[in-house]
Amino acid sequence: MLAIWSGCTECPLTERGIQQARAVGAYFANTQFTEIYASPLPRARDTAQAVLDMQPTPKPPHDFTITQIREQSLGAAEEHQRCIREPGKSLEAHFAEEKYPILYENERHVAFPGGESAEDLMKRGERTVRDVVLPHVVNVARSGRDEHIALVSHGLCISQVVGAIVRLGGGTCKRKGSMVNTGWVRVEVRIQVTVSNIQHKVLLMDVLGRDPAGSCG
């Protein structure tokens with residue numbers, strides 16, 4: 001049986017999801033975050049709150065309204081069953097019958113009606129890095145003090161944000177499979193500062209953590 005398309009549908013955490021969120025909060029209890037950001041979708045927001053609740057006092061600043069890290073919008077396909085493409089039938093014909101087949105790798109520019117394409121999501125990931133991540137990189141370059149930020153998002157979006165960061169450092173990132181619930185990826189950014197004008201560039205980005213399905217370098 002094929003799965004249901006689920007992107008930015010506003011579904012809450014299940015009881016098991018609540019337990020997982022508390023577990024990940026406990027896991028990071030000894031990591032003092034500089035700031036915690038989250039997608040406004042309930043499942044991400046509530047997970048971020050569980051992480052915040054376990055942080056030491058004083059609690060770090062947080063913003064759980066970052067629309068740039070919400071999950072990919074699948075438009076009309078949301079909550080519909082995935083289907084196998086029928087030979088000889090165009091995508092438009094499938095959509096007209098409210099059938100939403102799995103898209104091919106060479107169709108990254110294609111979006112379901114009213115939704116985002118994979119290319120749209122990639123561009124959103126790049127904007128997230130520019131608007132949310134890089135200001136912290138600049139702060140570190142100026143102050144010389146490490147910062148630890150958390151972005152609580154969703155599997156498809158996380159992949160694009162990580163990919164955008166790694167590409168800035170001249171690397172490549174290709175995922176193999178999807179992330180599990182409350183799975184996490186750690187990205188470590190090391191910078192070099194030129195004293196004259198505090199310019200910075202990414203020298204090395206190590207993608208670490210419990211995400212063995214990804215391959216980045």
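The legends below describe close-up views of a predicted model. Local features are given where pLDDT is at least 70 and side-chain atom pairs only at pLDDT 80 or more, whereas totals for chains, interfaces and linings use all residues. Residues are numbered from 1 along each chain as its sequence is written, and side-chain values use heavy atoms, with hydrogens and water left out.

View A. Helix α4 covers residues 118-143; helices (H or I, at least four residues) and strands (E, at least two) are DSSP runs, numbered from the N terminus. The 26 residues of α4 should span 38 Å at 1.5 Å a residue, and the end C-alpha atoms, 37 Å apart, agree with this. The expected span is 1.5 Å times one less than the number of residues in the helix. At Val133 the helix bends by about 45°, and Pro135 follows within four residues. The bend is the angle between axes fitted to the seven residues ending at a residue and the seven starting there. Among the buried residues of α4 are Leu121, Arg124, Val133 and His136; buried means under 20% relative accessible area, exposed over 50%, and partly exposed in between (1.4 Å probe, protein chains only). Just after α4, Gly144 takes a positive phi of about 75°.

**View B. Strands β1 and β5.** Strand β1 (residues 35-38) and β5 run parallel and are joined by 4 bridges; two strands pair if DSSP finds at least two bridges between them. Glu35 has Ile149 of β5 as its bridge partner. In β5 (residues 149-152), Ala150 and Val152 form the covered face, while Ile149 and Leu151 form the uncovered one.

**View C. Helix α2 and its packing.** Helix α2 runs through residues 42-53, and its 12 residues should span 16 Å at 1.5 Å a residue, in agreement with end C-alpha atoms 16 Å apart. The buried residues of α2 include Pro42, Arg43, Thr47 and Leu52. The elements against which the buried residues of α2 pack are α1 (15-27), β1, β2 (62-63) and β5; contact means heavy atoms within 4.5 Å.

View D. Ser153 is placed in the loop between β5 and α5 (155-168). Ser153 counts as buried because its relative accessibility is 17%. The side chain of this serine reaches the backbone oxygen of Ile69 at 2.5 Å, a polar contact being a pair of N or O atoms within 3.5 Å; within protein, one must be able to donate a hydrogen and the other to accept it, and residues adjacent in sequence count only if both atoms are side-chain atoms. Leaving aside residues up to four places away in sequence, Ser153 touches Ala44, Ile69 and Ile158.

View E. In the loop between α2 and β2 lies Pro58, which a cis peptide bond with omega of about 0° joins to Thr57. Glu79, in the loop between β2 and β3 (82-83), has a phi near 70°, a positive value in a residue other than glycine. Glu79 counts as exposed, at 58% relative accessibility. Glu98 belongs to the loop between α3 (91-96) and β4 (100-101); this residue has a positive phi of about 60° although it is not a glycine, and it is exposed, with a relative accessible area of 54%.
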